[in-house]
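Good morning, and thank you for making time.

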Amino acid sequence: MKNIVLFASGGGSNAEKIMEYFGKKDEFNVVGLFTNNPNAGAISRAKSYNVPVFVFNREELNGDFVLKNVQNLNPDVIVLAGFLWKFPSNIIAQYPDKVVNIHPALLPKYGGKGMYGIHVHTAVLENKEEESGITIHYVNDNYDEGNIIFQAKVKVSDCTSPQEVASRVLALEHEHFPRVIEEFLSK
């Protein structure tokens, strides 16, 4: 059995797609969802899949609380599925090459601190990019600088709003993220 731990800060649509995907596979188990947001939509999504939820603050994330709870779940991979805080070095060090993130752009473009969600899609539109997409990458101590695992592209040159770009990119996230996690765990 391969254990998957999720981190999310918001609505949790990617977390839900992952829980749904792996809920149909006997050899994988989503064992916990961690969130920094007590009002995150990801919480109710996790509860509907009977996935334990851990809510924490910044001090608990950067101290031992989150690390100890993660260790108790014995993860084979830690997946950042819309997690907005900088991921702590102590967890990265404990799980080298086992922490992955999804970014809503084709890194290295539109990455770094403050580049998440609608901010990314607005920048893509303002720069008149022909395409955008997703990047699934390892997490290191710098925002969006870990080695790339997978990228997928979508045409956005005909988009007229950041929300339209976001919709196309989210469709790629939902299509590819669970499958890439499975491939990662099957190595």
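The largest nonpolar core contains 41 residues, and those with the most contacts inside it are Ile4, Leu6, Ile18, Val79 and Ile181. By nonpolar core I mean a set of buried Ala, Val, Leu, Ile, Met, Phe, Trp, Tyr and Cys residues joined through side-chain atoms within 4.5 Å; buried means under 20% relative accessible area, with a 1.4 Å probe and protein chains only. Helix 7, residues 162–185, gives the most to this core, namely eight residues. A second, separate core has 20 residues, including Phe34, Phe56, Phe83 and Phe87.

A word on the source. This is a predicted model, in which local features need pLDDT of at least 70 and side-chain atom pairs count only at pLDDT 80 or more, while totals for chains, interfaces and linings use all residues. Residues are numbered from 1 along each chain as its sequence is written, and side-chain values use heavy atoms, leaving out hydrogens and water.

Which residues does Val79 touch, leaving aside its neighbours within four places in sequence? Val79 is in contact (heavy atoms within 4.5 Å) with Ile4, Val5, Leu6, Phe7, Ile18, Val100, Phe177 and Ile181.

Turning to the whole, the protein has seven helices and seven strands, taken as DSSP runs numbered from the N terminus: H or I of at least four residues for helices, E of at least two for strands. Along the sequence the pattern is β-α-β-α-β-α-α-β-α-β-α-β-β-α. Finally, buried residues make up 49% of the 187 residues.

Notes
Buried < 20%, exposed > 50% of the residue type's maximum accessible area, 1.4 Å probe, protein only.
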